[in-house]
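Here are a few friendly notes to read alongside the model. Take them one at a time, and keep the picture open as you go.

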Amino acid sequence: MGKGDVAYIRPKSIGVSVPRREDPGLLTGRARYVADIVLPDMLHAAVLRSPIAHGRITSIDVSAAAAMPGVVLVWTGRDVRERCSGLPATMDIPGFVGTVQPVLADDEICFAGEGIAVAVATTRALAEDALEAIVVIFEDYPIVGDVAAAKTAENLANAKVPRNLLYYSDRLSDDVETAFAQAAAKVEGCFRTPRVNASPMEPRGFVARYEWTSKTLTCWSATQMPNLIKTLLAIFLNFPEQNLEVITPFVGGGFGQKAHLHTEEALACLLSIELGRPVSWIEDRQENLLRAPQAKQQVNEMAMAFDSEGRILAMRDSVTTDAGAYNTIPWTALIEGHSGILVATDPYRVPAAALESFSLVTNKCPIGAYRGVGFTGPVLAREILLDRGARALGISPFEIRRRNVLRKEDFPYVSRVGHTIREGTFLETVDKLEAMIDYPAFLERQAAARKEGRYLGLGLSIFSEPTGIGTRTMHFLDSPITSHDTATVRVEPTGKVTVTTGTVTAGQGHHTTLAQIAADAFGIPVEDVTINMGSTKHSVGFGTVASRSAVIGAGTIGRASEMVRVKIRAVAARLLQAEPDEIEMSEGMVHVRGDPGRGMPFAQVVGAIYFADATHPEDFDPALEATAAYDPADIILANGGHAAIVEVDIETGLVRVERMYAVEDCGKMINPVVVEGQIRGGVAQGIGMILLEELIYDANGQLVTATLQDYLLPTADDVPDIEIAHLETPSDLVPAGIKGMGESAMISSPAAVAGAVNDALACLGITIEQFPASPQRIFDAVSAAGKSR
Amino acid sequence: MKFPAFAYAAPETLDEAVDLLADDPDARPLAGGQSLMPIMALRLAAPTMLVDLDRIGTLKSSVAGENSLRIGAMVTHAENARSLDISSRLPLMSEALRHVAHQAVRNRGTFGGSLAHADAGAEMPLVVAALDGTMLLRGKGSERAVPASDFFLGHYTTAIEPGELLVAIDIPTNDLQWAFEEVARRNGYLALAMAAVGLCVEDGRCAEARVMLGGVSDRPVRAAAAEAHLVGRAVDEAVAREAGRLAASGLEARSDTNADAAYRRSLVAVLVRRAIMRLSKGER
Amino acid sequence: MRRADTDGALETVATVNGQERRFSVMPRASLADALREQLGLTGVKVGCEHGICGACTIMVDGVPARSCLMLGVQAHGRTIRTVEGMTGDAGGDGRTLHALQDAFHRHHALQCGFCTPGMLATAQGLLDDNPNPTREEVRETLSGNICRCTGYQTIVDAVMDVAAARRVAAAAADAATPSASREASTANG
């Protein structure tokens with residue numbers, strides 16, 4: 001059996017909205033997060049962060065800080081460099097510039113918020129007090145404040161990155177000029193998506209405990225990738241991996257922000273090793289806004305050419321990513337714009353495309369992964385341009401998409417980038433959205449509102465989403481990472497099942513959904529299955545990221561279950577006097593296929609394997625525990641669409657989202673209510689990104705939006721009810737036909753909301769290409785158009 | 001961040017509180033904490049002592065007089081929002097209170113605390129200025145009454161001298177009909193701009209007008225030109241629009257990442273117009 | 001006068017989740033940290049420490065309050081209810097979910113759970129104040145609690161569900177109660 005093999009699982013519990021078993025602990029406040037970890041002798045760390053965006057430390061004096069009450073240790077970058085030379089982040093592709101980020105900066109400082117010293121004390125408050133006593137003298141260097149400045153290369157943001165360029169790719173350069181010259185309609189725009197923070201409600205945190213007597217390092221991390229950080233910590237800190245454990249407690253949201261190895265995590269380990277006591281680092285919200293990996297800031301200069309029927313002739317996109325000062329581990333700057341252009345054409349037939357990406361460093365906090373990663377920017381540009389093309393040609397936005405989306409007869413379709421697309425309900429999605437919205441009724445309402453001086457707009461977005469991301473998808477995205485995931489399935493003597501998985505959870509409900517998979521693998525009730533996760537002692541996995549956990553869960557559990565099922569079938573066949581390949585498991589029974597009466601209870605067969613040697617066939621290994629890996633054989637594509645109806649008040653610039661719609665095709669859903677929860681949460685984040693959220697750096701490279709007063713997260717008032725419809729195209733690469741979908745709403749709903757704002761203002765000749773579409777920006781656009789009253 | 005270290009005292013009487021503040025110029029009174037504690041959490045302020053006013057009963061009592069209400073400085077926004085005296089006699093305040101933060105903050109945040117904090121984007125300073133309230137201050141061996149026009153001196157700046165405490169606010173009642181309009185980025189957040197408009201209409205004409213602006217400058221601003229335009233006129237769309245334009249014209253508005261001066265001025269014109277139109281249609 | 005120096009701890013006595021609790025805490029400790037660290041009530045969540053996100057919302061003297069903006073020493077003489085005390089409010093052996101907790105569970109109104117304790121307190125305060133809210137009123141009140149996972153819709157569904165169930169129960173109780181005591185109970189409600 002190979003790691004891409006697909007075990008057979010018949011859905012029974014899969015497809016049911018089983019209520020989540022993790023809820024009672026969360027609802028009663030009894031579930032423990034990393035900030036709740038209290039260990040004997042534990043100390044608390046606080047990091048001093050650079051107030052300047054670019055420069056050098058000329059002197060740093062920690063003597064006063066070290067002498068303060070409760071303070072046990074104060075380190076600078078120099079102290080740390082002796083122990084760890086930094087965290088290297090690179091990608092094995094020609095021309096890519098890797099970077100090494102110091103755990104604490106001791107030479108060049110490259111962004112405001114970069115850690116430059118750490119104080120460890122008996123309480124966090126005392127550690128913070130000590131930071132105020134550290135005296136630092138800086139020498140300022142010129143600041144590279146944005147990608148425009150970075151491109152000129154007049155100054156370097158990071159001395160180790162020549163010309164501020166981490167990576168350039170002209171990934172695809174078809175001849176598009178001919179198409180543009182012949183086009184019946186050409187549209188173009190320069191779309192700027194904002195720099196945002198994933199802002200999980202729980203900020204980051206890490207506890208390290210080094211036990212000197214056994215030379216073991218136990219860590220608790222609010223992470224999405226425990227095994228990855230365990231291996232990387234072992235390598236970067238030169239620590240024996242077999243003595244390193246990373247435990248993942250309950251995590252309060254991740255969204256990709258917690259899918260990195262953070263400098264503070266390495267720092268906490270070094271501190272604990274030095275002190276021989278547990279060290280806890282729990283960041284607060286300000287620190288999170290300042291220093292947690294940021295995301296989404298791209299400039300997409302995109303153009304599309306259409307024929308007179310609205311069919312796409314060509315697309316051109318040049319995307320520039322503002323990567324901040326360093327690559328982050330493991331994704332690097334490629335996670336943003338560069339990944340995005342690789343899927344920019346996917347739902348549509350695009351005969352010719354010219355796609356290039358620039359990934360540039362600036363003096364800002366480094367970017368990393370955030371739900372939907374680099375896909376969001378180009379999708380936004382593309383969908384708004386489709387709307388513009390529709391308007392130019394007098395076609396409806398639904399019709400222009402119908403004329404261009406991939407259809408059954410196109411499969412398999414090889415995109416210009418080389419992505420082979422074999423399935424997808426793109427056309428059905430367009431039709432479904434149009435029906436959900438009742439487009440003619442909307443047009444009437446829009447026209448009537450305009451007469452009253454009110455501006456309603458409709459935005460659409462059709463998307464495809466690579467899910468279940470494994471090695472093949474990572475390679476397609478020019479990130480040649482090999483992913484490695486296993487699950488261990490054990491059938492207990494009383495016929496219950498325990499599964500140990502490398503997947504962790506940050507709210508997605510994996511304790512429940514993976515149990516549903518395992519239950520169906522053996523045809524037993526979901527209550528008879530328990531999922532063990534959260535310690536690297538017993539599990540191996542790449543991480544809970546990239547819409548992969550349902551797929552990887554099903555794949556690994558499927559393969560491991562099959563290895564155990566073989567044994568159960570063998571003994572059952574003997575007991576039932578049938579052939580092993582006639583044996584099936586369902587409804588808690590092990591029986592002959594098509595003859596449920598000829599069977600035995602699951603627990604009875606299992607009991608026989610454990611306790612009744614006489615029932616075993618010859619050369620029988622009775623171990624009912626197996627571990628298997630799974631890595632999808634190909635890219636697993638989910639698809640769907642979003643629509644938004646907004647009202648823009650052109651007098652105040654305020655935008656209200658009136659309604660949202662989502663269509664989701666993620667194959668066979670494990671737990672429909674969980675799927676809908678992922679969509680609703682992602683839509684809220686999409687609304688936030690388009691209307692509210694923006695990390696703003698001033699001319700001195702200072703983060704102006706460093707509190708939640710200024711960084712505006714969407715609230716219950718900002719997010720309307722969301723109507724959701726489901727389609728189902730099962731994947732034949734995954735047991736039970738399951739696909740992933742966790743990022744879908746952030747890939748696509750921003751485009752729908754942005755498109756709706758543009759649609760509302762199109763009649764005034766106004767386009768909005770910079771987001772968030774804040775009241776100030778709308779006011780400026782309306783004023784410029786001379787339409788304000 | 002964690003709060004910086006400070007001493008704490010919870011006096012039982014006003015005199016005790018005033019003495020503590022007089023003895024230590026770096027001590028601060030602690031009212032509801034909804035404005036002070038976030039500032040301390042960001043380590044932008046580090047008082048040596050917090051003097052908790054919560055036990056001082058006299059600061060929490062309100063008295064309804066014949067022509068005015070005296071509201072204790074430590075009365076919470078939630079209590080004022082529930083007050084029948086206020087909803088019937090100072091309806092502007094009731095309307096504006098709906099925009100103040102969120103329920104949990106209104107449960108603890110106090111009227112006096114909000115006024116003493118004097119955030120330019122806060123609703124209560126605008127309300128008190130619009131209603132010509134008087135702030136009653138107590139210091140060690142001193143008492144004085146400061147009218148709103150002399151009390152709000154700038155963003156986070158009031159006439160309260162070191163060692164003084166705001167103890168109560170006197171607000172006269174009036175015969176005007178009031179409308180309050182606000183634009184904020186989000187519900188409950190500090191305002192980008194606010195307008196409080198009061199009109200008294202007799203025989204179809206405006207006999208008295210009050211137009212007060214908040215959030216646009218560093219303190220509440222009276223739009224006298226707009227008021228003058230309204231008085232003596234029948235209020236219609238054109239009059240409202242002109243009043244709005246006059247309110248915004250020449251206004252020195254503040255500028256920040258959320259809103260520049262031009263946008264704020266534009267908002268003023270819109271909000272004043274909308275408030276006047278609501279009143280002219282008898283809407284609430 | 002109750003007071004403490006900068007370095008001095010102040011003995012504080014409060015009723016917490018139905019029990020009298022004593023703890024000693026420095027003035028600088030927030031109520032959130034005091035409850036978490038002195039009393040082990042880690043169900044009190046700290047999301048921003050500057051009073052915006054609402055995750056720290058608990059019940060203080062029967063109404064929702066942000067525990068990150070209060071001091072531990074201010075708990076003195078007060079009644080505090082954290083999320084750990086909600087099952088106690090539901091009665092029985094303390095292992096039965098409160099109606100709001102149960103509704104959140106049934107409606108999938110939580111995912112990561114971090115905002116949930118604060119949401120529950122705010123929801124409880126809302127229903128105490130306004131037993132018959134509209135969806136818009138629920139959204140407006142909940143807008144002081146930030147959730148990043150759910151998109152809010154299912155939280156609104158859960159609160160509306162509890163409000164409806166209570167109205168049904170109240171109507172049934174009304175129908176079964178003689179008129180004099182009915183007046184008394186509506187005065188308290």
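Into which domains is chain A divided?

1. Chain A has domain 1 (23-31 + 484-629), domain 2 (34-141 + 203-251 + 258-291) and domain 3 (298-473 + 633-784); such bounds come from an automatic or database domain assignment. Residues are numbered from 1 along each chain as its sequence is written, while chains are lettered from A and ligands numbered from 1 in the order in which they are written. Please remember that this is a predicted model, where local features need pLDDT of at least 70, side-chain atom pairs count only at pLDDT 80 or more, and totals for chains, interfaces and linings use all residues.

2. Look next at domains 2 and 3 of chain A, whose centres, taken over C-alpha atoms, are 36 Å apart. Here 23 residues of domain 2 of chain A are in contact with 23 residues of domain 3 of chain A (contact: C-beta atoms, placed from the backbone, within 7 Å).

3. On the side of domain 2 of chain A that touches domain 3 of chain A, strand S4 (87-89), strand S5 (99-101), helix H7 (226-236) and helix H9 (285-291) each supply at least two residues. H9(A) gives the most, with five residues. Helices (H or I, at least four residues) and strands (E, at least two) are DSSP runs, numbered from the N terminus.

4. In chain A, 80% of the contacts with a separation of 6 or more join residues 24 or more positions apart.

How values were computed
Two residues are in contact if their C-beta atoms, placed from the backbone, lie within 7 Å.
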